[in-house]
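Biologist: Please put the model on screen, and let us go through the packing of its elements one question at a time.

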Amino acid sequence: MHETDMTKALILTVKDWYYSQPEQPKIEKIHLIVGEFTCVEPVSLQFAFEVQTRNTFLAGVELIIRDIPLIAFCHSCQQEYQPEIGLQYSCPDCKSPMEDIRSGRELKIDRIEYSAVANSVVP
Amino acid sequence: MHQTFNAAIELNLLHANQEGADHNREHFDRWGITCLNLMSSPGAGKTVLLEQTLAALKDKFEMAVIEGDMTTELDADRLRKYDVPVIPINTGRSCHLDSKMVAGGIHTLEHQYNPTDFDLVLVENVGNLVCPAEFEVGEHAKVALLSVTEGEDKPLKYPVMFQEADCLLITKTDLAPYLDIDLERLTANVRQMNKDVTIIHVSAKTGAGLSQWFDWVGDRLKQNQASLARQI
């Protein structure tokens, strides 16, 4: 369950951002980018996030995870291809080993969606 | 009116771990130590490999072990027989070592020993083919072990571990004749995602292949010392 550790890192980063704002905004959504070729399971991440944010400033915040497919580039064929995880990683045409991963290793916090604090907007 | 805004963060989730790993590596570099991170599923033979390695190389190199895969003191006791510092890390119920845990081991090395005396630190990670692959601990090279009893399909199922490995030891090869494992297919499966990995077949039971592994360790150490010397 390393998703628990990753969620801790996520919460700490968001917390730093939150308290660096002149006025603490209302965080609505957190957008993550998770590549397919990582050891991270989005469902576990969602679960860990929900549990770890209970009764905190992030309670009820929606975690949106965008999956990024594994795309490799074959230098012999000069083209991109999509390896089939669990089955085939080498180039489907020339069988060259997967070497140049163009996407799928991402594991990052993309952006935070927030609104201004309700009290300061509504008179 | 409900207006929403976006703040771009674009920060890697493993950023903190990566910073810690880089910091650990700086310590190793300063002391002239090469660090290898040993990873495999439980029972693939990490501890016995360490035993053999300590026995064979302890007169050649000054070594220490940072022991993460330890449920009892039994493993550490096995390794301490070789008169080499064995630093246990309390991993709790963690499924992998992270750079912070290894930093604790480095701290012990620094305060209880003279770190510049050492050439090689072997880190035994928690037995797991998934999580340790994502958490760098400050190593100079990653060593994966896969025993022949685990099956030739494992590299396809746990690709990140095998893609990241610099050296792969196929262990328990003495058992291969009794199994249906296809070692050629296993190699082909690994090569699909890692064309450069050094693959060595070993049996801790018969000793087959171990000298190749010891040579690899020696070469890696020399290579690392040469690159450190260039930086100075």
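**Packing and pairing in the two chains**

Modeller: This is a predicted model. In chain A, helix α1 (residues 3-20) packs against helix α2 (residues 42-53) at an angle of about 55°, and their axes are 9 Å apart.

Biologist: Are α1(A) and α2(A) parallel, perpendicular or oblique to each other?

Modeller: The angle between the two helices of chain A is about 55°. Angles under 35 degrees count as roughly parallel and 65 to 115 as roughly perpendicular. The relation of α1(A) to α2(A) is therefore oblique.

Biologist: Which hand does the crossing of α1(A) and α2(A) have, and how many charged residues are in the contact?

Modeller: α1(A) and α2(A) cross in the right-handed sense. On the α1(A) side the contact uses A:Glu3, A:Thr4, A:Met6, A:Thr7 and A:Ile11, and on the α2(A) side A:Ser44, A:Leu45, A:Ala48, A:Phe49, A:Gln52 and A:Thr53. By class, the residues of this contact are 5 nonpolar, 5 polar and, for charged, 1.

Biologist: How far apart are the centres of domain 1 and domain 2 of chain A?

Modeller: Domain 1 of chain A covers 1-69 + 105-123, and domain 2 covers 70-103. Between them, 7 residues of domain 1 are in contact with 6 residues of domain 2. The side of domain 1 that touches domain 2 has 3 nonpolar, 1 polar and 3 charged residues. Taken over C-alpha atoms, the centres of the two domains of chain A are separated by 32 Å.

Biologist: Which strands are at the edges of the open sheet of 3 strands in chain A?

Modeller: The strand order in this sheet of chain A is β4-β3-β5, with antiparallel pairing. Neighbouring strands are turned by 35° against each other on average, direction ignored. The strands that pair on one side only are β4 (79-81) and β5 (100-103) of chain A.

Biologist: Which residue of β5(A) stands opposite A:Ala72?

Modeller: Strand β3 (residues 71-74) of chain A pairs with β5(A) over 3 bridges, in the antiparallel sense. In β5(A), the residue opposite A:Ala72 is A:Ile101.

Biologist: Which element of chain B gives the most to the side that touches chain A?

Modeller: The contact between the chains involves 29 residues of chain B and 30 residues of chain A. The side of chain B that touches chain A comprises 16 nonpolar, 7 polar and 6 charged residues. At least two residues of that side come from each of β1 (4-12), α5 (154-157) and α6 (159-164) of chain B. With 9 residues, the element that gives the most is β1(B).

Biologist: Are α1(B) and α4(B) roughly parallel or roughly perpendicular?

Modeller: In chain B, the axes of helix α1 (residues 15-31) and helix α4 (residues 99-112) come within 8 Å and cross at roughly 25°. That angle makes the relation of α1(B) to α4(B) roughly parallel.

Biologist: Which residues of α4(B) meet α1(B)?

Modeller: α1(B) and α4(B) have a left-handed crossing. From α1(B) come B:Asn17, B:Gly20, B:Ala21, B:Asn24 and B:His27, and they meet B:Ser99, B:Lys100, B:Val102, B:Ala103 and B:Ile106 of α4(B).

Biologist: What is the bridge partner of B:Ile170 in β8(B)?

Modeller: Strand β7 (residues 167-171) of chain B and β8(B) pair over 4 bridges in the parallel sense. The partner of B:Ile170 in β8(B) is B:His201.

Conventions
Residues numbered from 1 in each chain as written. Chains lettered and ligands numbered in written order. Predicted model: local features only at pLDDT ≥ 70, side-chain atom pairs only at ≥ 80, totals over all residues. Axes fitted to C-alpha atoms, helices over the stretch in contact; angles between N-to-C directions. Parallel < 35°, antiparallel > 145°, perpendicular 65-115°, else oblique. Left-handed = near helix turned anticlockwise from the far one by under 90°. Contact = placed C-beta atoms within 7 Å. Nonpolar A, V, L, I, M, F, W, Y, C, P; charged D, E, K, R; others polar. Domains from an automatic or database assignment. Pairing = 2+ DSSP bridges.
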